[in-house]
Amino acid sequence: MAARTGSNRVAFPPSWTARAAWLVFGIYFVYAASHLELTPARFFSGLEHGGKFVARLFPPDFHRWELLAKGMIESLQIAVLASALGVLIAAPLALCAARNLMPAWATWPARAVMVVCRSFHPVIVAILFVKAVGFGALAGILALTVASVGFLGKLMTEAIEEISLKQVEAVRATGAPFMSVVSYAVVPQVFSRFVGFVSYETDANLRNSTMVGIVGAGGIGGTLFSAFQRFDYDFVCAIVLTIIVLIMIGEILTLRIKKVFGV
Amino acid sequence: MQPAATAVPATAAPAASAAPALVLRGLTKEYVTGKPVLRGIDLEFAPRGITAVIGPSGTGKSTLIRCINRLVEPTSGQVIFDGHDLVALNRAELRTARRRIGMVFQEYNLVERLSVMENLLSGRLGYLSPFKAWLRRYPQRDIERAFDLLETVGLSAHAHSRADSLSGGQRQRVGIARAMMQEPRLLLADEPTSSLDPKTSVEIMALMQTLSGMHGFPVIINIHNVELARRFADRVVGMTGGRVVFDGSPDAITEEHLKSIYGGEDWLE
């Protein structure tokens with residue numbers, strides 16, 4: 001008893017660095033808020049404008065459904081093609097980038113490509129491609145492919161680096177050539193995760209494909225943007241609702257696909 | 001530490017007529033330069049029989065076995081198998097040589113998400129182009145052999161089960177069958193019974209003994225269980241500190257030898 005009460009051992013010593021970091025973060029938050037004139041008054045007047053805008057959205061106007069359908073179909077095509085191209089490029093790139101299977105001279109260039117692909121927002125990349133290949137869906141497909149390569153590549157690389165090397169060792173010991181080691185010892189370990197990544201990326205591409213149109217890279221985004229500029233808020237609402245439905249359908253399909261692959 | 005030369009009392013008397021199946025000469029491995037794990041191993045293995053390698057943990061038994069098929073690159077020395085020095089081979093030649101060296105692992109190392117049949121057939125990957133392997137287009141002969149082997153190891157009912165649905169003993173049987181698919185001329189086993197219960201351990205050892213006797217290839221087994229080694233091995237190699245300190249028949253091991261291999265003596269009482 002005496003030993004317990006007399007003891008002053010500490011199980012969780014305080015971290016002064018962490019406390020200091022939190023303090024610095026708090027100070028910066030207040031400073032940034034004041035710098036940007038983030039005042040409650042502005043916030044509430046903003047809410048009022050927002051309310052008026054929302055009121056003008058309803059009822060949604062589906063009269064121009066042909067325009068809407070054409071844009072949506074194009075967006076869908078952009079998303080699917082970009083995802084497929086992204087996988088085709090990202091998977092071998094990820095294999096090259098995996099540090100547990102490849103020497104440094106292969107991993108660094110592969111990683112560099114992924115970092116460059118991930119550096120810019122898809123809309124910025126879309127602007128570049130619109131300049132390079134002109135307005136239209138091609139620019140959108142290329143822009144989203146670049147984004148997919150960066151993102152899928154990173155996720156896939158990490159998945160490959162987490163595999164069990166024991167299985168690789170066993171297949172290697174049979175005298176299997178490298179590509180057979182990959183298809184028998186690496187792919188089975190990562191395949192289900194890859195299906196998950198690809199469905200997630202397709203979902204992201206679906207969302208992004210509705211946006212690259214704003215800079216002229218095809219899809220529903222262009223239609224949405226011009227509807228905004230003409231204050232056709234009821235048509236804007238129709239487009240937005242359709243996008244939501246499309247994303248939901250995508251979600252359901254994703255679940256189905258995962259089920260098919262037994263993930 | 002005892003020098004290797006003083007502690008070789010009885011040789012297993014390999015069949016004098018037959019040339020050894022495997023010869024290790026001055027095999028050395030340093031993971032870190034200047035800190036050798038294997039200090040010049042010289043061993044010859046007869047074309048038949050089970051050799052048990054015993055020794056304390058961290059003494060280089062696993063390294064030794066992996067240096068033979070170069071899953072671990074030896075720092076220096078020779079591994080002469082089938083008339084070639086495996087250490088001198090290039091990658092393609094090494095793959096060809098590995099096709100005839102089966103290997104069994106402590107944790108089975110099956111590809112867990114593949115079926116038992118796919119795991120067995122992966123023993124033939126060295127003979128198949130990656131494209132055909134990917135499409136699972138194996139010659140009918142391999143497929144027949146796989147089914148026969150499954151019957152031999154008593155797992156016919158599990159051909160299409162996923163490997164991770166099997167128990168430890170069953171997995172090790174698949175591991176052995178995979179090695180047998182290679183039609184090995186040498187079987188390496190790295191602690192094949194360490195993850196198994198005593199009864200299954202005996203069954204696995206007996207299985208390897210039977211297969212080795214039936215097909216006539218030498219087996220090199222790293223093993224912690226001295227009793228199992230005594231019971232199944234035709235020859236025991238004792239290692240300590242990266243050196244061979246005992247090489248002889250299982251009956252010739254005395255407590256003195258075990259002391260020199262594992263150090264200390266309290267544990268023997």
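Of the 123 residues in the largest nonpolar core, Ala143(A) and Leu120(B) touch the most other members. A nonpolar core here is a set of buried Ala, Val, Leu, Ile, Met, Phe, Trp, Tyr and Cys residues joined through C-beta atoms within 7 Å. Buried means that 20 or more other C-beta atoms, placed from the backbone, lie within 10 Å of the residue's own. The model is predicted: local features need pLDDT of at least 70, side-chain atom pairs count only at pLDDT 80 or more, and totals for chains, interfaces and linings use all residues. Residues are numbered from 1 along each chain as its sequence is written, and chains are lettered from A in the order in which they are written.

- A second, separate core has 10 residues, including Ile220(A) and Val236(A).

**Contact between the chains**
- Chain B supplies 21 residues to the contact and chain A 18 residues; two residues are in contact if their C-beta atoms, placed from the backbone, lie within 7 Å.
- On the side of chain B that touches chain A, α2 (91–98) and α4 (130–134) of chain B each supply at least two residues.

**Helix packing in chain A**
- The axes of α4(A) (residues 65–97) and α7(A) come within 6 Å and cross at roughly 40°; axes are lines fitted to C-alpha atoms over the stretch in contact, and angles run from 0 to 180 degrees between N-to-C directions.

Conventions:
Helices (H or I, at least four residues) and strands (E, at least two) are DSSP runs, numbered from the N terminus. A residue is buried if 20 or more other C-beta atoms lie within 10 Å of its own, exposed if 12 or fewer, and partly exposed in between; C-beta atoms are placed from the backbone.
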